[in-house]
Amino acid sequence: MTRWWKRSLAAQFIGFMLLALVISQALAFLISWDERDKALRAAAKGEFFSRTASLARLLESLPVPLRQDVLLASGTGYSRFWISAGDPADADQWRTVAVAQLAKPLPNLPDSRRNWQVQPRDLPAKLGYEPGLFAAANASDDWTTLASGPWSLPHPAKFLYFDQTNGMGLAVRLSDGSWLNSAYHKVMPSTLWNSQSLFSLGITAIVLSIIGVFTANRITRPLRGLASAAEALGRGETVEKLPESGPDDIRQTAEAFNRMQSRLHRFVEDRMRMLAAISHDLRTPLTSLRLRAEFVSDPDVQQRMLATIDEIQTMTEATLAFARGEATVEETRTIELNALVGSLCDDLAELGQNVEFSEGAKINYRCRPEGLRRAIRNLVENAVRYGGEARVHLFHTPTTIDIVVEDDGPGIPQNATEQVFAPFFRLEQSRSRETGGVGLGLSIARAIVRHHGGDIVLSQNRPAQKWPGLRASVSLPKVMSG
């Protein structure tokens with residue numbers, strides 16, 4: 001889960017949106033909860049007063065024998081009504097009676113056959129209190145006489161709370177001197193996260209997640225295209241210009257990448273043209289020097305001069321060939337890497353070179369095959385020239401495909417493993433079975449491999465041995481195609 005969160009911009013975007021939603025909803029609930037609670041209690045109180053007033057008017061117009069039936073029919077799941085002969089002056093005693101009245105079942109319930117005698121077991125569990133504690137919750141509060149404002153009838157009335165503010169009581173004096181008693185009790189939900197709010201929050205979160213996925217995809221799609229183009233450009237491929245469209249930030253990023261790509265291409269082309277021009281222009285003075293050397297009378301001096309001129313000529317031709325090879329743009333395509341390396345080793349073996357290839361599993365790889373073949377050929381020929389034989393095999397690492405070329409030669413000093421890649425650098429003292437070329441083979445090989453996004457690393461096979469051998473590892477990034 002943590003890895004997915006770190007790697008996915010869409011996941012982070014949606015996560016932050018949902019976090020903002022939860023925080024904003026929580027703050028809104030906290031701010032509005034007190035007002036909501038007061039509004040609900042005020043509405044319940046107003047409805048309780050109105051219902052009691054309507055019932056008082058109705059009772060005034062009915063004969064006394066019918067009043068009890070009307071009272072029973074008026075009861076609800078949260079309220080009860082009864083008539084007492086005298087003034088309920090004692091508030092605490094009235095609360096006890098109210099609890100008993102609320103405990104009575106309604107006539108229309110399945111257990112209506114039970115008698116109306118109050119038993120301790122009849123006290124409803126929904127009240128959440130023992131009878132004594134329930135009745136004593138507001139023991140210090142007495143009746144409050146209602147003024148004409150909140151009370152709409154001319155009849156005297158008084159009001160009290162019980163069970164904190166969850167219960168309300170009302171006593172109204174009727175015209176015949178009796179008192180209509182009304183008791184109401186309903187526990188207001190105290191939790192912020194009820195089923196309704198959680199359902200609303202869930203629906204909102206789903207809608208926001210869908211919008212977040214759509215938005216994040218619009219953001220990440222051009223970024224993925226940019227990453228793919230940058231990877232291909234780093235591997236030396238020809239990349240089409242990115243579309244310069246969309247929001248300003250995305251469009252400016254695409255424009256900057258296209259400008260960078262154009263500048264890099266111009267820089268490489270100018271460098272190759274300059275190198276090729278220098279190598280070409282050196283031929284004329286070298287020819288002139290060769291003609292002048294022919295007129296030197298001392299044979300030894302003449303021979304040394306001609307040898308030096310030949311060496312410069314060889315280096316110039318090699319440089320020119322290198323420049324031409326760098327300037328040539330080869331199409332990138334998918335090949336079977338084992339087949340490429342295996343056919344190269346077979347060709348060299350047919351020419352009489354001691355090359356052994358260990359074939360492995362098929363690997364489809366996107367590259368410039370002629371360039372890669374040239375780099376591996378340089379490494380294999382070096383191994384045969386200086387080590388007498390070359391063993392070639394491929395293997396995988398978690399992030400790369402490695403082509404390894406090993407030999408049993410004298411190896412090279414540890415401190416020279418980077419120097420040998422410098423152009424025209426030769427280390428004949430360490431690998432002196434026969435004189436090598438001009439010193440461009442490893443430079444060309446590394447340049448080609450680095451253009452593919454990889455690198456070449458040299459190391460000794462057996463450091464403690466007299467003939468440690470050399471191990472050349474070509475590490476290519478896993479950019480494969482099925």
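## Overall picture

Among contacts in the protein chain with a separation of 6 or more, 62% are between residues 24 or more positions apart. Keep in mind that this is a predicted model. The chain has twelve helices and twelve strands, and 37% of its 482 residues are buried.

## The open sheet and its helices

Let's turn to the sheet. Five strands line up in the order S7-S9-S10-S12-S11, giving an open sheet with mixed pairing. At the edges sit strand S7 (355-358) and strand S11 (455-460), each of which pairs on one side only. On average, neighbouring strands here are turned by 20 degrees against each other, if you ignore direction.

S11 and strand S12 (residues 470-477) run antiparallel and are joined by six bridges. One spot to look for is Gln 460, whose bridge partner in S12 is Leu 470. Helix H12 (residues 441-451) packs on the sheet and touches S11 and S12. The direction of H12 makes about 130 degrees with that of S11.

Another helix to find is H10 (residues 337-350), which lies across S7, strand S9 (390-396), strand S10 (400-406) and S12. Against S7, helix H10 runs at about 160 degrees.

## Aromatic pairs

The aromatic pairs come to eight. One of them is Trp 82 with Trp 94, a stacked pair at 5.5 Å centre to centre with 25 degrees between the planes. Trp 82 belongs to strand S1 (residues 79-84) and Trp 94 to helix H4 (residues 91-103), so this pair ties together parts that are twelve residues apart in sequence.

Phe 159 and Tyr 161 form an edge-to-face pair, with 4.9 Å centre to centre and 85 degrees between the planes. Phe 159 counts as buried at 5% relative accessibility, whereas Tyr 161 is partly exposed at 29%. Ring pairs also link Phe 159 and Tyr 161 into a cluster with Phe 48, Phe 49, Trp 151 and Tyr 184.

## Charges over rings

Lys 158 lies over the face of Trp 179, 5.2 Å from the ring centre. Arg 446 lies over the face of Phe 421, at 3.7 Å from the ring centre.

Most residues other than glycine have a negative phi. Which way does Asp 163 go, positive or negative? Asp 163 has a positive phi of about 55 degrees, though it is not a glycine. Gln 164 also has a positive phi, at about 60 degrees, and is likewise not a glycine.

You'll find Asp 163 in the loop between strand S3 (157-162) and strand S4 (167-173), and Gln 164 is in the loop between S3 and S4 as well. Their cover is another matter: Asp 163 is buried, with 0% relative accessibility, while Gln 164 is partly exposed at 45%.

Terms used: Residues numbered from 1 in each chain as written. Predicted model: local features only at pLDDT ≥ 70, side-chain atom pairs only at ≥ 80, totals over all residues. Heavy atoms only, no water. Helix = DSSP H or I, 4+ residues; strand = E, 2+ residues; numbered from the N terminus. Buried < 20%, exposed > 50% of the residue type's maximum accessible area, 1.4 Å probe, protein only. Contact = heavy atoms within 4.5 Å. Phe/Tyr/Trp six-rings, centres within 6.5 Å; stacked < 30°, edge-to-face > 60°. Lys NZ or Arg CZ within 6 Å of the ring centre and 35° of its normal. Pairing = 2+ DSSP bridges. Axes fitted to C-alpha atoms, helices over the stretch in contact; angles between N-to-C directions.
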